[in-house]
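Morning, everyone. I'll take the DNA contacts, then the protein interface. Here is the model.

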2 protein chains.
Amino acid sequence: MRADGQRTRAAILRQAADLATVKGLDGLTISELAAALGMSKSGMYAHFESKEALQLATIDVASRIFDEAVVAPALHVEPGIDRLVAMCDAFFDYLQRRTFPGGCFFVVTALEMGERIGPVKECVQHCHADFVGVLRQNAEVAVGRGQLSATEKPDVLVFELNGVILAAHVHSVLHGKADALDIARQVVRRRFGLTGTSGLV
Amino acid sequence: MRADGQRTRAAILRQAADLATVKGLDGLTISELAAALGMSKSGMYAHFESKEALQLATIDVASRIFDEAVVAPALHVEPGIDRLVAMCDAFFDYLQRRTFPGGCFFVVTALEMGERIGPVKECVQHCHADFVGVLRQNAEVAVGRGQLSATEKPDVLVFELNGVILAAHVHSVLHGKADALDIARQVVRRRFGLTGTSGLV
DNA sequence: CCTACCGATCGGTAGG
DNA sequence: CCTACCGATCGGTAGG
């Protein structure tokens, strides 16, 4: 049945995304993926013609999961600083609840693909750039509405927020430091001159 | 001759470190490494008993290269804020001159090893923790000497500096943005309330 | 979606 | 440090 095929495909991609956050998009193996799903290796090829096609499709579903978990919730609050803070908080929540077992799919793959060449790298690159673009838009709104000083450069602000996100990842995933996400929430608030909900400075 | 053996071993490890920053410590292959050196695969096993031993030895030389490039230069300036800024600047220089082809060895491997288990992950983890520890010591000195407010938490400051380093990496390596390192230097200076050498805020 | 199979490459060893 | 080789596993295909 058609619906079954699509459900299977979705299950494969979700599992692939999970595995990729631990082993990398390249370290991910078709046999390993099949085994994790209790299927045969050739069952994977019934859904994808090559490993590269599988990788590309995996990035696509991962970006949907990311948007749903991190971007979408923040769209309910006002553009500008509020949305920026909401989006960072949503990211920290998404990281904390381990939506993917190895942390954030795009943090892991962005660093894995650093100097690679080819469609998989470009796809990861574009997904990451899209997220940075959303942050940037809101940084511009924040400056435009006078929520931030007119001398504040959106590019620099986005760079800094990205840094907090990345530091949160390394401290919580690699080092398993439980307080990393609290520190991250606190740093974001202080950067905007807000009194944190996460306790004293 | 003994000296030849050691020179070969050093050449193997240097090449391995280079490859690991592009393909990852796990994606690195013995055959690929041998080919890059114009040697045979079993020539590698004359120097290392297993891939894991090779990985561990590679991390060791990478940490020496890192210390020489990033930590050592900063030891010539006063502990505290000055040394913190010098160390960050040294990191940005080391990244800019592409000491390793894929960026910083420890940024790349720290994210690759995120949720792995075993001696290789632990080794990367300890190297990263050592660097964070050096930053932390200087953050404590800075607070102790009154260069920073007494309410400033060293852990939080180190978290932030780590974020700047990571953001510099992603923006310059993945996205190839040439101005990333200038932004990074600027952000570090502003964080300490210093007037940047890298132009206006 | 499976069994059965392909050539290529993996990490690693024997023997020199 | 090499040639020659090992079993295991890789990505991928044939045929059903």
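Start at the DNA. α2 (30-37) and α3 (41-45) of chain A, together with α3 (41-45) of chain B, each supply at least two residues of the surface near DNA strand D. Helices here are DSSP runs of H or I, at least four residues, numbered from the N terminus. Near means a heavy atom within 4 Å. The largest share, 3 residues, comes from α3(A).

A word on the basis. This is a predicted model: local features need pLDDT of at least 70, side-chain atom pairs count only at pLDDT 80 or more, and totals for chains, interfaces and linings use all residues. Residues are numbered from 1 along each chain as its sequence is written, chains are lettered from A and ligands numbered from 1 in the order written, and side-chain values use heavy atoms, without hydrogens and water.

17 residues surround DNA strand D. Two atom pairs to look at. A polar side-chain atom of Ser40(B) lies 2.7 Å from a phosphate oxygen. A side-chain N or O atom of Lys41(A) sits 2.9 Å from a base oxygen.

Now the two chains. 44 residues of chain B are in contact (heavy atoms within 4.5 Å) with 44 residues of chain A. The count between them is 6 salt bridges, meaning a Lys or Arg side-chain nitrogen within 4 Å of an Asp or Glu carboxyl oxygen. Glu115(B) pairs with Arg98(A) in a salt bridge, closest N and O atoms 2.8 Å apart.

Conventions: A polar contact is a pair of N or O atoms within 3.5 Å; within protein, one must be able to donate a hydrogen and the other to accept it, and residues adjacent in sequence count only if both atoms are side-chain atoms.
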